[in-house]
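Subject: Handing over a structure, with notes

Dear colleague,

Please find below the structure that I would like to pass on to you. My notes on it follow directly after it.

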Amino acid sequence: MDPKLHDYTVFDLETTGKKIIQIGALKVRDDQTVAKFSTYVNPLEKINDYVSHLTGISNYQTDAAPLIDEVMPDFLDFVGDDTLVGHNILSFDCNVLADNGYPVANPKLDTLLLANSYKKRGLFADPISNVRLSTLKEYYGININSHIAISDCITNNIVYQKLRDGDLAKATEN
């Protein structure tokens, strides 16, 4: 797979650990976001306090949301045949989709693996402690909320384009 994509879909899930509570996606064409997909999902179980605190997603928001079986046809239509780009999607997000009955066969590019390969080869211009999305967000000076699916997609899109283009320098303080 060509790691230098310019047309793709970035996606992210927020979950209870096993159940999906939010899906976000950005359709990117020629490096520009051309469409967004964002929805809460009713997990048919209560969201615990830890997940609610981390994501800001409450039972109130998901209780009125559509079920996964109602959401996935629209999500899959949105994604189409695009390569999926995401952070830790190979070990987490795609597994959660499959565990919820929706394996996705699209090509995938995991920015966690891409960033980790750069880190292991010492290619980042400044030291970086790990390649978690929150760390990369800080490294690149991206000021967007975390643990909101669509916000994480926006962050990950910026991170992906920087990694893809070899922009491995830390953001400078203004």
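To begin with the charged groups, K27, R29 and D82 are linked in a network of salt bridges, where a salt bridge is a side-chain nitrogen of Lys or Arg within 4 Å of a carboxyl oxygen of Asp or Glu. Before the details, please note that this is a predicted model, in which local features need a pLDDT of at least 70 and side-chain atom pairs count only at pLDDT 80 or more, while totals for chains, interfaces and linings use all residues. Residues are numbered from 1 along each chain as its sequence is written, and side-chain values use heavy atoms, with hydrogens and water left out.

Salt bridges

The structure holds six salt bridges. One of them joins the side chains of D82 and K27, with 3.1 Å from N to O; this pair links distant parts of the chain, since D82 is in the loop between α3 (68-79) and β4 and K27 is in strand β2, 55 residues apart. Helices (H or I, at least four residues) and strands (E, at least two) are DSSP runs, numbered from the N terminus. Both D82 and K27 are buried, with buried meaning under 20% relative accessible area, exposed over 50%, and partly exposed in between (1.4 Å probe, protein chains only).

D82 also forms a salt bridge with R29, the closest N and O atoms being 2.8 Å apart. Because D82 lies in the loop between α3 and β4 and R29 in strand β2, this pair ties together parts that are 53 residues apart in sequence. D82 has a relative accessibility of 12% and therefore counts as buried, whereas R29, at 28%, counts as partly exposed.

A further salt bridge is formed by D63 and K46, whose closest N and O atoms are 3.5 Å apart. Here too distant parts of the chain are linked, with D63 in helix α2 (residues 59-63) and K46 in the loop between β3 and α1, 17 residues apart. D63 is partly exposed, with a relative accessible area of 41%, and K46 is exposed, with a relative accessible area of 58%.

The largest pocket and D12

The largest pocket holds about 560 Å³ of space and is lined by 23 residues, of which D12, L13, E14, H147 and D152 lie nearest its centre. The elements that give two or more residues to this lining are β1, α1 (49-55), α4, α6 (133-139) and α7. By type, the lining divides into seven nonpolar, 10 polar and six charged residues, where Ala, Val, Leu, Ile, Met, Phe, Trp, Tyr, Cys and Pro count as nonpolar, Asp, Glu, Lys and Arg as charged, and the others, Gly among them, as polar. On a 1 Å grid over the protein atoms alone, a pocket is an open set of points where a 1.4 Å probe fits, with protein on both sides within 12 Å along at least five of seven lines, and lining residues have an atom within 4 Å of a point. The volume is the space filled by probe spheres set on the points, which are joined across faces, edges and corners.

D12 is placed in strand β1 (residues 8-15). Leaving aside neighbours within four places in sequence, D12 is in contact (heavy atoms within 4.5 Å) with Q22, I23, G24, D93, A149, D152 and C153.

Other residues to look at

T155 is found in helix α7 (residues 149-164) and, at 1% relative accessibility, counts as buried. Not counting residues up to four places away in sequence, T155 touches L133, K137, I142 and I144.

K18, in the loop between β1 and β2, counts as exposed at 69% relative accessibility. K18 and D99 are 81 residues apart in sequence and 7.7 Å apart in space, C-alpha to C-alpha.

Finally, most residues other than glycine have a negative phi. D31, which is not a glycine, has a positive phi of about 70° and lies in the loop between β2 (20-29) and β3 (32-40). N88, also not a glycine, has a positive phi of about 70° and is placed in the loop between β4 (84-86) and α4 (89-99).

With best regards
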